[in-house]
Amino acid sequence: TVIKMATAAVNILKVVVFGATGGTGLQLCRQAAEAGHTVTAYVRSPEKLTIKHPNVSCVKGTLEDAAAVEEAVKDKDAVLVALGSNTVLTRDTVCSAGTRVILNAMKNTGVRRIVVCSSFGVGPENRKLLPWIMRVVIYNPLIDKDEQEADIQKSDTDWIIVRPVGLVDQPARGNIHVEPSGSLPVPCHKISRADVAAFMLGQLEDRTYVHKTPTLCWSA
């Protein structure tokens, strides 16, 4: 399915972004703020949050601090997660362990909507979609995201898990392919972080992909 993403928010919402200093997280913060949403960026290192916007507030904290995470989630309309592993060489649980804390905070505060950026090929049944060399190189991050997705899918939330192909730092095109089944609809293995963020923001209230794992890519 080819979709053209809207550029304006339907309603003004309060959102919290985890992984806000990464490439996709920065795009989420910037685009959400520019759309008029009230954005809380929960970050370990505030100096890495390069966005200065009146709609963005920065909260310093770690994902291990359950009380701080819960405070950041409280009273929000939605949670946006763009966590990523710090290394491909060793086992890293930042995505899975961090998301468990976030899900628990949502349960305790009654927040329902969570939109998560995962990755193409996540889910044991989807490894075959990746070239064998990629399965080896990013083995550890994939395992972490497998566990992250499994916990999300078991949760009592209105979750949406987005699985983009290779992320690039290029301008958004606005038109992207969305494939619910997981396989690539076109022979393209790239999409910009800006387009992924725009799609994720489009899911804050839309129910089209609730409890689904759409794959995102550019057209060829």
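Helices here are DSSP runs of H or I with at least four residues, and strands are runs of E with at least two. Keep that in mind as you work through this predicted model.

**Exercise 1.** Find how many helices and strands the protein chain has, and what share of its residues is buried.

*Solution.* Start with the elements: the chain holds 6 helices and 11 strands. Then turn to burial, where 52% of the 220 residues count as buried.

**Exercise 2.** Decide how well helix α6 is covered.

*Solution.* Locate α6 at residues 193–202. Next, apply the cut-off: a buried residue has under 20% relative accessible area. By that test, 9 of the 10 residues in α6 are buried; among them are Arg193, Asp195, Phe199 and Met200.

**Exercise 3.** Work out whether α1 is parallel or oblique to α6.

*Solution.* First take the geometry: the axes of α1 (residues 23–34) and α6 come within 8 Å and cross at roughly 55°. That angle makes α1 oblique to α6. The crossing is right-handed. Finally, look at who meets whom: the α1 side includes Thr24, Gln27 and Leu28, and the α6 side includes Ala197, Met200 and Leu201.

Key. Residues are numbered from 1 along each chain as its sequence is written. This is a predicted model: local features need pLDDT of at least 70, side-chain atom pairs count only at pLDDT 80 or more; totals for chains, interfaces and linings use all residues. Side-chain values use heavy atoms; hydrogens and water are left out. Buried means under 20% relative accessible area, exposed over 50%, partly exposed in between (1.4 Å probe, protein chains only). Axes are lines fitted to C-alpha atoms, for helices over the stretch in contact, and angles run from 0 to 180 degrees between N-to-C directions. Angles under 35 degrees count as roughly parallel, over 145 as roughly antiparallel, 65 to 115 as roughly perpendicular and the rest as oblique. A crossing is left-handed if the near helix is turned anticlockwise from the far one by less than a right angle, and right-handed if clockwise. Contact means heavy atoms within 4.5 Å.
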